[in-house]
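Here is a short briefing to read alongside the model. It goes through some charged pairs, then a strand residue, then a helix.

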Amino acid sequence: MPQFAFVENLGGNVNTEFDEYSPAQSPTRQGRYYFSSARTETNGGLRDINGLEDVVRGHYLADMFQVDLQEGNWSTVLPFEPLLNSPKHDILQDFSTDGSVVYFIKSTDKKNGVLYTDTFNLERDSGRLLVPVTSLTFKAEMGDKDLFVFNDSLILFASSREGGFGGYDLYYSIKKDSLWQEPINLGKNINTFANEVSPFIVKNGSTIYFSSDRPETLGGYDIFKAIYDVKNDWNAVTNLSVPVNSPGDDLDIELSADGMTAIFASDRVESKGGLDLYMAYFKDQVIEQLDFVDMPLFIPLISDSTGAIEQNYDQVSQAKQGVESNLDVKEYISKPLLFTDNDDILNPSNVIQIKKLADLMIIYPEAHVLLSSHYIPESRAEIDLYFSIKRSEKVADQLISAGISAHRIHMQGCGSNFPLALPIINGIPSTLAARTNKRVDVDILNVDPKFIKVRYDIPAVALQYRDTLWDQFAANNQGVTFRVVLAKAVQMLKSEALLFRKDGIVQKAGHENQYTYTLGNFVRYTEAKDLIVKLAENFGNTDSKIVPFYRGVEMINKDINKEAARYPELQLFLDTENKE
C-alpha cells in the first residue's frame, strides 16, 4: 500500500516525558494549537487518586496549554489562565465553530467529571465563576468524553451509557427548538463490542474519523474512518494503518481546515514519554474538508407534527447530483491582516498571507482584491483615515511587487468608523478592540464560485463585546451602496465635513495617484441625497456628488447600466441623475 502521509513528532518544545493529548486547532488563528498535558508545571502539582496533594507518590494532573507554529518553529508552550486550569484534570474538549467558546472537563480521575464552558480569549472578569454546562445531553459526570462540536446544532461524543454495543460507543445529539435531543447511537456499522472514542466529522459531513481498540488494530487504539453512503448507511470502517497508526495507542485526530494535515496523540515507541502530539502531512488533500453543510447526511430530521423520523432528502439529492462537480472546487481562506502598530502591518505572519493572496491572484487572473483597513480611535478623523489608507497601500505594494497588476487592487481606509469589537466596555478602553480592530480585511472579488470558494476568517467576538457598526458595514457592502464624494486629493484631506458623520471612508484604486474621500455607505439612494442637502446647508459643499459602489468598489458607467435591472435603487440613481 503506497504511503499516504508523513508523520512527525511535534518535538521537545511541545512534548514532554508526560502525557500530551486532546489537541484542538484554533478555529480562528492559523498555526495555533491547544491541548491538555499532565506535565511538571501544572497547577495542581502532584496528586493522589483522590485528587489530594501527594508529593511522594502522586501524579501530575492535566492542565490546558496553547502553542503556536511560527515560520516552521514551535513557540513557547503557554498555560491557560488559573481560573480555567485547576488542581484537577482540566481536559480540553473542543471549541465552538466561531472560536468564542471553549469546552473542557474538570475531573479528579479522568473517568467522571464536570463539563464547563468559557468565553475563551475575550475580555476577562477576574471575579467571574465557572458554571457547569447542564443544557447538553453530554454528561461528563456519567463518564461521557471526547466532545466534538460540529456546529451549534450538532455534537458527537463517546459514551459508555446503557444500550450501547460494548464499552464506549459513539453518539450524536441534535438541537431542535432550542433543546438538545436525546443522544442517538451511530449504530453497528461504526460501534462494536470494543471501545470507540475521539470522533471527528469532516466539514461536508460525509466522513467520520475515530479511534477504536477493536481486534483489527495494530495494537491498542488505532484511528479509523468511515464514509457515509446515502443508500447504504456507513460504509465499511477502514483502518488508517501506518504511518498514522502504530502498535501503541493513537487517539484524538483532528484535521486541519484545508485538509492537508491532521494532529493526533500517540504513545508509540518513539514518543518522548506517554502520549505525545504528532502531525500527519497528507500526500493528497482531504477535499471533504473544503465543503460545508449545515447538517451531515447521516442525521435524520424530526417531524414537528408527528415526531416521525424523516431522512434529510434535500441534502441527499444534492449529494447524488453534485458530488463530482464539487471535487474541483478549491477553497481559499481569507484571513485579516492583524497588526499592532503602523510598522507592524508587514509582520512575518501577514507577509505569508500576502504571498498566498498573490499566488491565488496569479492562478486566477480575473480575481480582484479589496483591502479595507481598520484601526482604533487615536486622533482626528482625517488623520485616522489617512493612516488607514496608507496601511492598505503597504499591502498593495507587496502584491504589485509579486507581479499583481495595480488595476486589480482596490483599497479603502476606514479609520475607527466601523469597529468589529466595542472600543469601550464598562467605561474602559477594550483590550479586545485593540487586538481585533487593528487589521486589514481582504475581500476577494470577481472569482467564479464554480472553481474557488472563498471563506472569510473574521476574528471571533462574542455578541456582548461586538459592535454592530462593522456588521452593518459588511452587510451593506454585499451589494450596491451609495457614497457621497467630498473631494479627491493627492494628500491628506483636512475638512470639518469629515467630522459631521462617523462613516467617512477614503478609497483609492491601485493604479491611481489620488484619494477619494466619501461620507456615508447607504443602501438607499434617497439617504445619500439627503446627505448632499445637509452638507450644503452646514458646510457650503455644493460640488459633492453621489457615487454608487458594488461590494465596496466604485462602479464604472458600464457596470451601473448593466446592474440597474437587478438593483432598483441603482435604477433610481440613474433616472434621477439623468434628469439633473
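In this predicted model, Lys453 and Asp291 form a salt bridge, with 3.8 Å between the closest N and O atoms. The pair links distant parts of the chain, 162 residues apart: Lys453 belongs to strand β34 (residues 452–456), while Asp291 sits in the loop between β24 (276–282) and β25 (301–302). Both partners are partly exposed, Lys453 with a relative accessible area of 30% and Asp291 with 25%.

**Other salt bridges**
- In total, the structure holds 18 salt bridges.
- Arg380 and Glu382 pair through their side chains at 2.7 Å, N to O; Arg380 is partly exposed at 37% relative accessibility, whereas Glu382 is buried at 4%.

**Around Asp90**
- Asp90 forms a salt bridge with Lys106, the closest N and O atoms being 2.6 Å apart.
- Asp90 is in strand β9 and Lys106 in strand β10 (residues 102–107), so their pairing ties together parts 16 residues apart in sequence.
- Both Asp90 and Lys106 are buried, with Asp90 at 0% relative accessibility.
- A polar atom of the Asp90 side chain also lies 2.6 Å from the backbone nitrogen of Ser86.
- Beyond neighbours within four places in sequence, the contacts of Asp90 include Ser36, Ala62, Met64 and Ile105.

**Helix α8**
- Helix α8 (residues 568–579) has 12 residues and spans 17 Å from first C-alpha to last, close to the 16 Å expected.
- Its buried residues are Leu570, Phe573, Leu574 and Thr576, and their cover includes β35 (480–489), α6 (525–539), β38 (545–550) and α7 (557–563).

Methods: Residues numbered from 1 in each chain as written. Predicted model: local features only at pLDDT ≥ 70, side-chain atom pairs only at ≥ 80, totals over all residues. Heavy atoms only, no water. Buried < 20%, exposed > 50% of the residue type's maximum accessible area, 1.4 Å probe, protein only. Polar contact = N/O pair within 3.5 Å; in protein donor to acceptor, adjacent residues only side chain to side chain. Contact = heavy atoms within 4.5 Å. Helix = DSSP H or I, 4+ residues; strand = E, 2+ residues; numbered from the N terminus. Expected span 1.5 Å × (residues − 1). Salt bridge = Lys/Arg side-chain N within 4 Å of Asp/Glu carboxyl O.
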